[in-house]
Amino acid sequence: MFAAATGMAAQQQNLDVIADNLANADVAGFKSAQATFAAIGGGEMLGTASTGVREIFAQGKLVKTGGAFDVAIDGAGFFAVERAGASGFTRAGSFSRTADGTLRNAEGWTLRGVHIPANAVSVTVATNGRVTADLGHGATSAAGRIGLVAFVAPEELRPVDSAVFAATQGSGIARPLAAGGDRQPKIQFGMLEKSNVSIVESMMAILAAQRAYEANSKGVQAADEMLRIANNIHRS
Amino acid sequence: MATAMQAARSRLDVSAGNLANVSTDGFHKHLSHVSLTDHGLVASSSIDSSQGALKHTGRTFDLAIVGAGGFFVRDPDGSVVETRSGSFERSAAGYLVDERGRALLGEHAPVAASADATIDARGIVRDAGSEVAQIRLPAGTTVQSGFLESTNVDAVREMVEVLDAQRAFETAQKTLGAIDESRQKDVNDVMRVKS
């Protein structure tokens with residue numbers, strides 16, 4: 001009975017993770033997650049236990065948005081962002097310009113390394129991350145550089161916002177990653193990386209999880225029924 | 001009859017354990033065996049080591065075993081365990097570890113790999129073309145990088161097994177009741193002393 005109950009708990013967690021993926025399917029830069037399980041008890045069957053939730057950092061599709069400050073990473077790496085002194089790392093590149101010349105996303109994370117002059121009309125970003133401000137009348141000025149960082153173990157990053165992650169002891173520290181060259185990630189200006197959630201796959205995973213939950217609940221019922229029958233031995 | 005009920009109960013436990021692990025990658029189902037001995041029915045279980053279906057994940061360090069045996073991983077406390085669950089990732093120190101933090105063992109030492117390493121069917125880890133490590137594998141067994149082995153549990157078969165065990169339990173209980181009843185007759189009617 002308890003083995004079947006651990007199966008129900010596992011499928012419940014599985015559903016939670018899939019639901020979170022689906023909820024964020026339209027969030028640019030969102031990375032899907034997957035719940036993982038392991039058998040417990042070895043030779044004696046005691047059921048299953050969760051071994052955690054794994055982030056899947058597969059590349060999402062890049063789509064042209066034309067946003068004046070949209071950037072996407074084609075390849076590995078993360079943008080370094082900060083909010084109230086805390087560092088974060090994200091692949092979501094939907095930023096807007098603020099009065100103090102920085103680029104900030106909707107959740108208040110500021111992109112590091114970019115300062116746009118107050119008189120700039122527009123900006124362009126090269127594939128190596130260099131930002132150039134157009135001051136009008138053909139004049140331009142350098143406006144900083146968007147740096148990319150990489151981790152030894154990105155799977156160990158801890159999500160802090162829907163698409164922003166923080167470094168942990170397990171992930172290692174952020175190391176700068178060169179961009180723009182051959183076999184290097186490229187920064188694409190005017191594009192956004194969509195989430196890597198596959199709606200179809202998620203829907204199928206929901207169906208499978210639901211059925212597995214049901215099957216395990218039948219296991220609990222059967223064990224309960226056996227106990228009921230055993231209790232009736234005397235009366236039959 | 002009590003042993004028949006116990007046997008049905010252990011069959012249910014085995015099936016429930018299989019059902020609980022229907023989402024556990026690399027899990028191999030357990031099979032129940034019931035045999036008649038001098039002490040009544042005795043249930044035992046064994047592991048069905050038939051190959052589970054390979055499911056594509058595209059991650060280099062997801063490894064599926066094709067054939068018998070498993071990977072050798074080392075617990076943080078030093079003990080070496082064999083496992084078929086092949087979802088590895090790089091640790092901060094660059095070693096391949098599974099989701100419980102156990103290091104994947106090569107022929108000589110734990111396997112370290114860079115983010116763009118490749119792993120071939122014989123378990124040879126290559127980094128930019130040059131061989132850096134060999135994953136320890138049983139002879140004749142190959143690995144598939146970018147795949148995970150799904151469990152070989154068939155949920156439908158386990159459901160049938162659950163129902164079957166439940167009915168077997170019920171049958172044994174009914175029989176036990178019938179035996180009880182006939183003994184009651186023996187005691188109360190046949191052996192009644194006429195006064």
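A salt bridge is taken here as a side-chain nitrogen of Lys or Arg within 4 Å of a carboxyl oxygen of Asp or Glu. The model is predicted, so that local features need pLDDT of at least 70 and side-chain atom pairs count only at pLDDT 80 or more, whereas totals for chains, interfaces and linings use all residues. Residues are numbered from 1 along each chain as its sequence is written, chains are lettered from A and ligands numbered from 1 in the order in which they are written, and side-chain values use heavy atoms, with hydrogens and water left out.

Over all chains, the structure holds 19 salt bridges. A network of such contacts links A:Arg54, A:Glu155, B:Arg59 and B:Asp62. Because A:Glu155 lies in the loop between strand 13 (148–150) and strand 14 (158–159) of chain A, and B:Arg59 in the loop between strand 3 (54–56) and strand 4 (63–66) of chain B, the pair joins two chains (helices, H or I of at least four residues, and strands, E of at least two, are DSSP runs numbered from the N terminus). Both A:Glu155 and B:Arg59 are buried, that is, under 20% relative accessible area, with exposed meaning over 50% and partly exposed in between (1.4 Å probe, protein chains only).

Within chain A, the side chains of A:Lys31 and A:Glu193 meet in a salt bridge at 2.7 Å, N to O. This pair ties together parts that are 162 residues apart in sequence, because A:Lys31 lies in the loop between helix 1 (2–23) and strand 1 (33–40) and A:Glu193 in strand 18 (residues 191–193).
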